[in-house]
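Thanks for asking for a second pair of eyes on this model. Here are my notes, as numbered points that you can read alongside the structure.

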Amino acid sequence: NSTKDWICLIDEDFCYEAVNDPFCDFCDQHREMLIGSSFKKFWGDKVFEKKIRPMILSCFSGVETRSEVVVNFDFGEIALDVRFYPFKAKKENGVRAVFVARDISDKKHSEGRLKEQTKFFDQVHDAIFILNEKNRVVFWNKSAEYLYGWPEEEAVGKKIDSLVFKKEKREKCKEIIGKVRLKGEWEGQMTHINKEKEDISVSSR
């Protein structure tokens with residue numbers, strides 16, 4: 001299996017029954033050393049009792065569980081997307097929990113940076129919006145709400161070409177976005193439309 005996710009099988013005593021290579025690599029231990037040892041040790045008492053143990057117990061009762069968990073290690077802090085899936089082996093009594101975890105530290109750091117940026121963007125007077133790779137709005141500041149008449153909750157998720165351009169101008173919009181992604185910048189005078197389909201003359205960059 002080429003997955004980078006950590007995958008383990010946890011028994012009713014909260015011990016490892018099986019572990020995959022990525023988890024062994026992270027723990028820097030051979031599989032034989034992990035099998036039969038306590039899953040609690042990986043998390044530490046506080047995190048295990050508060051977050052992990054309740055998730056596993058729910059899993060043992062037949063419920064899939066999922067949560068984001070922050071864990072402190074000697075080298076620092078990491079954020080994990082943690083999931084537990086019920087598992088019952090054939091011809092065997094008792095239940096097991098399949099533990100699956102993914103390191104989402106980079107994603108959380110990016111979200112934190114974006115949150116700080118949005119605080120700044122909401123304080124400036126220019127209308128600012130941020131697009132994803134599909135040209136859909138992922139951020140829409142207060143000035144954009146005022147200029148275009150679209151509240152953030154309505155603008156986010158919409159394609160920018162259909163949101164602020166007339167139909168006949170949408171190909172031009174895509175062309176400009178392409179130039180921005182290629183060269184990193186573009187500046188010029190444009191005519192946009194607001195929520196009421198009224199023309200707005202804007203200086204874009």
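**Notes on the predicted model**

1. Let me start with tryptophan 43, which is buried at a relative accessible area of 5%. Buried here means under 20% relative accessible area, exposed means over 50%, and partly exposed is in between, with a 1.4 Å probe and protein chains only. Before going on, please keep in mind that this is a predicted model: local features need pLDDT of at least 70, side-chain atom pairs count only at pLDDT 80 or more, and totals for chains, interfaces and linings use all residues. Residues are numbered from 1 along each chain as its sequence is written, and side-chain values use heavy atoms, with hydrogens and water left out.

2. The aromatic residues deserve a look. Rings of Phe, Tyr and Trp (its six-membered ring) pair if their centres lie within 6.5 Å; planes under 30 degrees apart are stacked, over 60 edge-to-face, and the rest tilted. By this rule there are 22 aromatic pairs. One of them joins phenylalanine 14 and phenylalanine 48, edge-to-face, with 5.5 Å centre to centre and 85 degrees between the planes. Phenylalanine 14 sits in the loop between β1 (6-10) and β2 (16-19), and phenylalanine 48 in helix α4 (residues 45-60), so this pair ties together parts that are 34 residues apart in sequence. Helices (H or I, at least four residues) and strands (E, at least two) are DSSP runs, numbered from the N terminus. Both phenylalanine 14 and phenylalanine 48 are buried.

3. Tryptophan 43 also has an edge-to-face partner, phenylalanine 99, at 5.8 Å centre to centre and 85 degrees between the planes. Since tryptophan 43 belongs to helix α3 and phenylalanine 99 to strand β5 (residues 96-103), the pair ties together parts that are 56 residues apart in sequence. Phenylalanine 99 is buried, with a relative accessible area of 0%. Trp43 and Phe99 both belong to one aromatic cluster, whose members also include Trp6, Tyr16, Phe23, Phe42 and Phe84.

4. Isoleucine 7, in strand β1, is partly exposed at a relative accessible area of 28%. Which residues does isoleucine 7 touch, not counting residues up to four places away in sequence? They are Ala18, Val19, Asn20, Val98, Phe99 and Val100, where contact means heavy atoms within 4.5 Å. The C-alpha atoms of isoleucine 7 and valine 98 are separated by 7.0 Å, although the two are 91 residues apart along the chain.

5. Threonine 65 lies in strand β3 (residues 65-73) and counts as buried at 12% relative accessibility. A polar atom of its side chain lies 3.3 Å from the backbone oxygen of methionine 55. That is a polar contact: a pair of N or O atoms within 3.5 Å, where within protein one must be able to donate a hydrogen and the other to accept it, and residues adjacent in sequence count only if both atoms are side-chain atoms. Beyond its neighbours within four places in sequence, threonine 65 is in contact with residues including Met55, Ser58 and Phe84.

6. Asparagine 141 is placed in the loop between β7 (137-140) and α6, and at 0% relative accessibility it counts as buried. The side chain of asparagine 141 reaches the backbone oxygen of aspartate 126 at 2.9 Å. Leaving aside neighbours within four places in sequence, its contacts include Phe121, Asp126 and Ile128.

7. Two backbone angles are worth checking. Phenylalanine 14 has phi near 60 degrees, a positive value in a residue other than glycine. Asparagine 135, in the loop between β6 and β7, has a positive phi too, near 65 degrees. Asparagine 135 is buried, with a relative accessible area of 16%.

8. Ala, Val, Leu, Ile, Met, Phe, Trp, Tyr, Cys and Pro count as nonpolar, Asp, Glu, Lys and Arg as charged, and the others, Gly among them, as polar. The lining of the largest pocket divides into 17 nonpolar, six polar and four charged residues, and α9 gives the largest share, five residues. For the second largest pocket, the division is eight nonpolar, four polar and two charged.
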